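Thanks for coming, everyone. Let me put the structure up, and then we'll walk through it.

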Amino acid sequence: MLKLNSLPAIRRAAGLALAITLGGTAIPAMAADVTFIMKNDHPNAVEVELYSQDRRHVWPGNNQVYYLDDGETKQIPLSCQQGEKICYGAWVSGDKQTYWGTGPNNKETCEDCCYTCEGGETEEINLVE
């Protein structure tokens, strides 16, 4: 499990703009940063992943998850593409049947669990029983 404070500097730089080819000219995609503020009010630890709805990208990626102990609040900064829609999926550690947002592997639909990458931070997202 990946603790947020153990992210290497390379992870933070991973949001460098991607190039799009338009008429033979490479144009960089606009990059932005957003911070998800996640609070675990469930009595058990939870695992969180963030999923782009506009491209095949998951944070933190590489079969890792953000881990929140019970009662823990964590700020999860990430680099994304300006205007990109990002949804959270969270579940009780060891119990993927108890979930919030899009759940494990972005498989569920949700209301109010997605944010647009335009800088800044989300409101506190409270994961409760």
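How many bridges join β8 to strand β10? There are 3, and the two strands run antiparallel.

Ground rules before we go on. This is a predicted model, where local features need pLDDT of at least 70, side-chain atom pairs count only at pLDDT 80 or more, and totals for chains, interfaces and linings use all residues. Residues are numbered from 1 along each chain as its sequence is written, and side-chain values use heavy atoms, with hydrogens and water left out. Strands are DSSP runs of E, at least two residues, numbered from the N terminus. Two of them pair if DSSP finds at least two bridges between them.

Back to β8, residues 85–92. Of its 8 residues, 7 are buried, so the strand is largely enclosed by the rest of the structure. Buried means under 20% relative accessible area, exposed means over 50%, and partly exposed is in between, with a 1.4 Å probe and protein chains only.

β8 has other partners. With β4 it pairs in the antiparallel sense over 7 bridges. There, Glu49 stands opposite Gly89 in β8. With strand β9, residues 95–101, β8 pairs over 4 bridges, again antiparallel. Ala90 has Trp100 in β9 as its bridge partner. The hairpin of β8 and β9 has 2 residues between the strands, and Gly94 takes a positive phi near 85° there.

Now the disulfides, meaning pairs of cysteine sulfur atoms within 2.5 Å. The structure holds 3. Counting bonded cysteines along the chain, the pattern is 1-6, 2-5, 3-4.

Take Cys87 and Cys114, joined with S to S at 1.8 Å. Cys87 sits in β8 and Cys114 in β10, so this pair ties together parts that are 27 residues apart in sequence. The link is right-handed, with 95° about the S-S bond. Cys87 is buried at 2%, whereas Cys114 is partly exposed at 27%.

Next, Cys80 to Cys117, S to S 2.0 Å. Cys80 lies in strand β7 and Cys117 in the loop between β10 and β11, so parts 37 residues apart in sequence are tied together. Cys80 is buried at 2%, and Cys117 is buried at 1%.

Then Cys110 to Cys113, S to S 1.7 Å. The torsion about that S-S bond is about -50°, so this disulfide is left-handed.

On to charges. How many salt bridges does a search of the whole structure find? It finds 3. The criterion is a side-chain nitrogen of Lys or Arg within 4 Å of a carboxyl oxygen of Asp or Glu. One of them pairs Arg55 with Glu84, the closest N and O atoms being 2.6 Å apart. Arg55 is in the loop between β4 and β5, and Glu84 is in the loop between β7 and β8, so the pair ties together parts 29 residues apart in sequence. Glu84 counts as buried, at 2% relative accessibility. Arg55 is partly exposed, at 25%.

Last stop, His42, in the loop between β3 and β4. Buried or exposed? At 9% relative accessibility, His42 counts as buried. Leaving aside neighbours within four places in sequence, its contacts (heavy atoms within 4.5 Å) include Asp70, Val92, Trp100 and Glu129.

That's the tour. Over to you.
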